[in-house]
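Work through the exercises below with the sequence and the structure beside you, and try each task before you read its solution.

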Amino acid sequence: MSLLCNTGDWFTLGQGNAFRKIELYNMEWPASINLDNMVVHAAPYGGPIAVVKDPKLFIKLDGSTSTRPIIRVFNCVGKLISSINWDCGILVTLGWSDAEELIGVQDDGTIFIHDMFGNFLHKFSVGKDVTDVADAKIFTSSSGTGVAVMTSGFKIYILNNIKDPKSRPLSDLLNITSNLTCWEMVCKDRTTSCLLATGNEITIVRHGDNVFTNHTLTMRNDFQSISLLSVSFDHEHVALLTNTGCLWMGSWDLKHKYCEFVTGRLERANQLVWCVDGGSSKYESQAVIVSYMNLILIVGATGESSIYTYDSPTTLIPEMDCVRVLTNYYHELVQKVPPSTSKIFGINISEPASFLFEAHRKFQDRSHQSDEYLCLIQHKLPAAVTDCIEAAGHEFDPNTQKSLVRAAYFGKSFIPGYSCDAYITMCKTLKVLNVLRDRNVGIPITIQQFNHLKPVVILDRLVFRKYYGLSIHIAKYLKLQETRILEHWAFQKIIHDKNDEEIARKIAAKFSSADLREPMSYANVADKAQQIGKTKLAITLLELETKKKLQVPLLLKLGACEKALIAATQSGDIDLIYMAILEMKNTTALAKFHMTIRRYPLAQNLYKKYCQLNSLSTLKDIHSQEDDFLSQAELALREALQLGNLDASIPDISGNYRKAAKTVEADLADETKKLIRHQKLLQDKYQKDFFGLPLHAMVRRLLQLGDQRYAEKLKSEFKMSERRYWWLRIQTYADNYQWDEMEKFAKAKKSVIGYEPFVEVCLSKANVAEAKKYLPRCSEENKLKWYLRAGCYADAATIAFMQKDIDSLLKIHDHCNDPSLMSTVENMIGQLSSKK
């Protein structure tokens, strides 16, 4: 089917290779800008355009015009963004980084970085040895944006990433002569290479490699030198133009030649760039554009060509899927017609998408032919709808987009269970693309570039251009985070506004009114305020921060230690509190620090704990200042025990306990003092270690040593209970195997602890015979238990029978081995059982 709609600017370069030229904008250059005597450096992906006077041209200047270069930065419509007065050295070249930063290379090897608004960011040098740069190339490497410089001595130095400026010579063994006519950089497989054209030879040098590859070009037409070299945007292809006007196209490594083309023009061309099809790897679908003074020549990889003439000089801007053409009056785009578009609007096309588009057109005209077209593609409707959706994305004209989207909507209505995800995504993307392409924004990117950059990067670029309202609307529309947009807006407010109170009020109002899933953080904004010296504003903003882990460190950094301490104690995070305490201690006078921390009990308690582990002297001072006598007593006691000088510290400990109204503890301290005095006497008397023993152990040791009189004295003086003393006596007798003495002790007076302990200590020494002496004197309720423990089963059986305890008899029956006793126990059990 032949549909001539929208094909007026199409042209073919071989079978199936249709290209088109699209007008993007009418330019709005200022009256002083004439591209005839200017050098243009444009950023890819619809980025800004830097314009500077061509230093090679002689231009008449009036008396008020400076001879130093003035770099003017425009958007893609020609509206001035900024101007930079270049008052440094001689400017060798300009270019743009992947972050839309303007890169300027000076003849002394210094590289300057500015943003698009002319603000200086930073500078660095290529190297100490590089002081006479004759030429430079700014290229895209695998790690970012790279810079290559060539000195007047034909030495080449390469930086693969301006974010990490480490330069290295291209090769130590490379010897370039003055016959070098042109050179270009290629990045393939994470390796940077350089193409050097000398005469009819091209040398490929890998960065850091001392092995070179020389290629001698043989062409049908003779030539003496290569005047222009061009590497494609994807670094897959290379093209070169000879001094005789012959064009050669091939692979980047020069191993495969695509074609030769004779331009028929002997004048030197201005530019040579590739127009690549970003979605195809076939070389047949690529083309090269050569620009001359007032025309461009477009040559396909198969040898066909097309020419366009202009009223003014042109500048070619290569992109990943097209080439933009910039003139004094227009901004245009040249690209290969996308396959989906070609299926619909191509000449003599009979594709399903073309029939669907026509069916929708007939449906709008209320023609019955619409149904006939649909019947022809009934089984191919899904593919037709997909092509219409894709074609809409590749169009720049909103009316054509609407026609294609409506055709897709019409077609999907006849597909049962069709998923609308791709349709909805394309509608959203088109809405965003049309806003970006609007001349008030001026970012003319294709859908392929949009998908490559990702919406997040597009938003960042809008934010940097200060389109905050538009950025927020797009973020909400695409359901993306708005936090970075609001932060950048706040940064600009902080930098440019003067009234700090008004700035804080506006930022707080904007952040609180933002409809976000999580509250906005003020930490980054406060940090920015601190960096530019607005400390008071930074503190004000940090007081609004809800996340204490972000708030406290920045408050400390700003010197607001007490506010940081308050925030830390409110969070309850011990790590944050310690951070605030220690920073405050290091930066504040000690007296003021102690007075401040006393107002916050949690912080003070944690500081005391810290001092207890690291500085006991500081802890003593704190307790003394607070008249905390109890803490002073406890600390002194703990320290005396650790140092072993308890006797010297006891008076102070006792006094502090009494001041703290702790009578019991004070009395214990006094008794401890008396006990220590006894320990010293006994240690001197017996030459044994008594120090540190408790009263119980001291009495027992005295009993073991036979000093019963001193033991009685300690018992009386320290009011030891009679029961404890009796226990110590019988345990000592048992340990010393003094059974006669123990028997005398038991008979001397009635035992205050009973006689069970006597049995127990005898059994602990396996002396059953001695234990039997005390078994009859045990209490009736415990007698059976102790007879059993002593193994006196006959006596135990008699007692159990008397107590009518059948369970105990059964236990005796299980444990005894004497048959006669077992018989007796059985009779006892039988008698007791019969009585029941």
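**Exercise 1.** How do the axes of helix H6 (residues 421-437) and helix H7 (residues 447-464) cross, and within what distance do they come?

*Solution.* Note at the start that this is a predicted model, in which local features need pLDDT of at least 70 and side-chain atom pairs count only at pLDDT 80 or more, while totals for chains, interfaces and linings use all residues. Residues are numbered from 1 along each chain as its sequence is written, and side-chain values use heavy atoms, with hydrogens and water left out.

Step 1: the axes of H6 and H7 come within 12 Å and cross at roughly 65 degrees, where axes are lines fitted to C-alpha atoms over the stretch in contact and angles run from 0 to 180 degrees between N-to-C directions. Helices here are DSSP runs of H or I with at least four residues, and strands are runs of E with at least two, numbered from the N terminus.

Step 2: residues of H6, including Met426 and Leu433, meet residues of H7, including Phe450 and Leu462, contact being heavy atoms within 4.5 Å.

**Exercise 2.** Which parts does the salt bridge of Asp460 and Arg484 tie together?

*Solution.* Step 1: the side chains of Asp460 and Arg484 meet in a salt bridge (2.6 Å, N to O), a term that requires a side-chain nitrogen of Lys or Arg within 4 Å of a carboxyl oxygen of Asp or Glu.

Step 2: Asp460 lies in helix H7 and Arg484 in helix H9 (residues 483-496), so the pair links parts 24 residues apart in sequence.

Step 3: Asp460, at 30% relative accessibility, is partly exposed, and Arg484, at 48%, is partly exposed (buried is under 20%, exposed over 50%, partly exposed in between, with a 1.4 Å probe and protein chains only).
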